[in-house]
Amino acid sequence: MPKIVACLNSKGGVGKTTTCIVLAEYVAAELERKTLVIDVDWQMNATSMMMAAKSWEKYQSEEKTFAHFLNKCMVQQRPGELLHNYVLKDRGNVRVIRTNGTQPAAPISLIPGSLDMDDIEFKIYRKHKADEENQIVDRLAELLKKSIDGLTDFRYVFVDCPPRFDLVTKAIVKIMNFAVMPFSHQILTQYGLERLVSRVSLLRNQKPQDIPYGALPTRIRNVAGATDSIAEVAKKFKVIEAIIPETEDIAKHGEFFYSEHNGRMTWREKWGRSSREYTKAAQIILKNL
Ligand SMILES: Nc1ncnc2c1ncn2[C@@H]1O[C@H](COP(=O)(O)OP(=O)(O)OP(=O)(O)O)[C@@H](O)[C@H]1O
Ligand SMILES: [Mg+2]
């Protein structure tokens with residue numbers, strides 16, 4: 001059964017999508033574990049980081065995005081629709097290095113997102129208007145758990161959530177094995193973390209200390225200057241012991257591209273000087289799964 005890691009924070013722009021892709025690529029390229037990314041955000045940034053826009057248009061027109069899967073299951077209520085049919089294999093632009101010199105593509109797959117995700121939520125509410133919201137969330141959580149458990153090929157599933165507690169995010173929160181919560185050390189984001197942990201706690205009916213989560217300091221401009229405030233946050237929240245700096249290496253991979261010289265890059269080539277801190281974060285997260 002794959003382990004589900006959600007990248008979560010209702011604050012926008014904190015680095016959820018970037019963290020999601022970096023961690024998924026780490027597990028796939030550095031550890032060679034079969035890994036899947038599911039893009040459940042209507043902004044589709046994880047999808048843009050893993051495939052060219054032209055390829056996405058094809059899957060959108062063939063109705064092969066996560067939004068189409070939800071539409072078929074939760075709106076049209078077609079029984080037996082398999083999530084497996086929405087998985088695109090060998091995506092992204094990282095490669096594995098083996099000691100025998102071969103350099104295969106990292107075993108990373110994607111279920112692409114769609115701008116239609118926003119609309120789907122409305123359609124699901126309309127279809128299930130006789131139900132309470134928590135009943136809809138439970139039904140969705142049950143569908144997603146069963147569907148993801150059915151993806152037995154994969155060891156890890158990374159879910160990139162939007163900056164909002166929509167229906168799908170709530171369902172993911174219920175079924176995830178771990179939540180990574182990127183945050184910056186500014187005071188406002190700390191309040192955001194408080195709200196986030198308490199919402200997750202309510203949804204999962206779990207005490208904050210029992211929630212499997214780790215807050216990850218991300219996009220930190222002045223690492224030395226931020227350590228004290230991060231230590232303050234760590235008194236109250238479970239903070240992962242790594243600090244992700246704000247770097248150009250990270251920013252330039254906001255869009256998918258193949259390296260001009262070699263095609264695919266190694267994970268370390270791609271994430272440059274931040275790879276050391278990301279490795280620390282990934283290892284802590286994997287230990288908690
Ligand atoms: N450590 C970093 N260093 C430099 N740029 C970064 C870093 N992390 C993220 N970025 C950039 O900041 C922007 C926002 O990051 P990202 O999309 O990961 O945030 P997000 O939390 O997923 O946003 P949203 O809430 O809109 O989904 C992107 O352009 C990304 O490339
Ligand atoms: Mg995002």
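Predicted model: local features only at pLDDT ≥ 70, side-chain atom pairs only at ≥ 80, totals over all residues.
Backbone atoms take part in several polar contacts with the ligand. An oxygen atom of ligand 1 is placed 2.9 Å from a polar backbone atom of Gly13, and a backbone N or O atom of Gly15 lies 3.0 Å from an oxygen atom of the ligand, whereas for Thr247 a backbone N or O atom lies 3.0 Å from a nitrogen atom of ligand 1. Of the 630 Å² of accessible area that ligand 1 has on its own, the protein covers 83%.

Ligand 1 sits in the largest pocket, which holds about 440 Å³ of space and is lined by 23 residues, with Gly13, Val14, Gly15, Thr18 and Arg219 closest to its centre. Two or more lining residues are given by each of α1, α2 (45–50) and α10, and α1 provides the largest share, three residues. The lining divides into eight nonpolar, 11 polar and four charged residues.

The second largest pocket has a volume of about 320 Å³ and a lining of 18 residues, among which Cys73, Glu81, Leu143, Lys146 and Ser147 lie nearest its centre. Here α4 (66–75) and α6 (133–149) each contribute at least two lining residues, with the largest share, five residues, coming from α6; the lining consists of seven nonpolar, six polar and five charged residues.

Note on methods. Residues numbered from 1 in each chain as written. Chains lettered and ligands numbered in written order. Heavy atoms only, no water. Polar contact = N/O pair within 3.5 Å; in protein donor to acceptor, adjacent residues only side chain to side chain. Areas by Shrake-Rupley, 256 points an atom, 1.4 Å probe, with all protein chains shown as cover. 1 Å grid on protein atoms, 1.4 Å probe; cavity = no way out; pocket = protein on both sides within 12 Å on 5 of 7 lines; lining within 4 Å. Sits in = over half its atoms within 2 Å of the grid points. Points joined across faces, edges and corners; volume = space filled by probe spheres on them. Helix = DSSP H or I, 4+ residues; strand = E, 2+ residues; numbered from the N terminus. Nonpolar A, V, L, I, M, F, W, Y, C, P; charged D, E, K, R; others polar.
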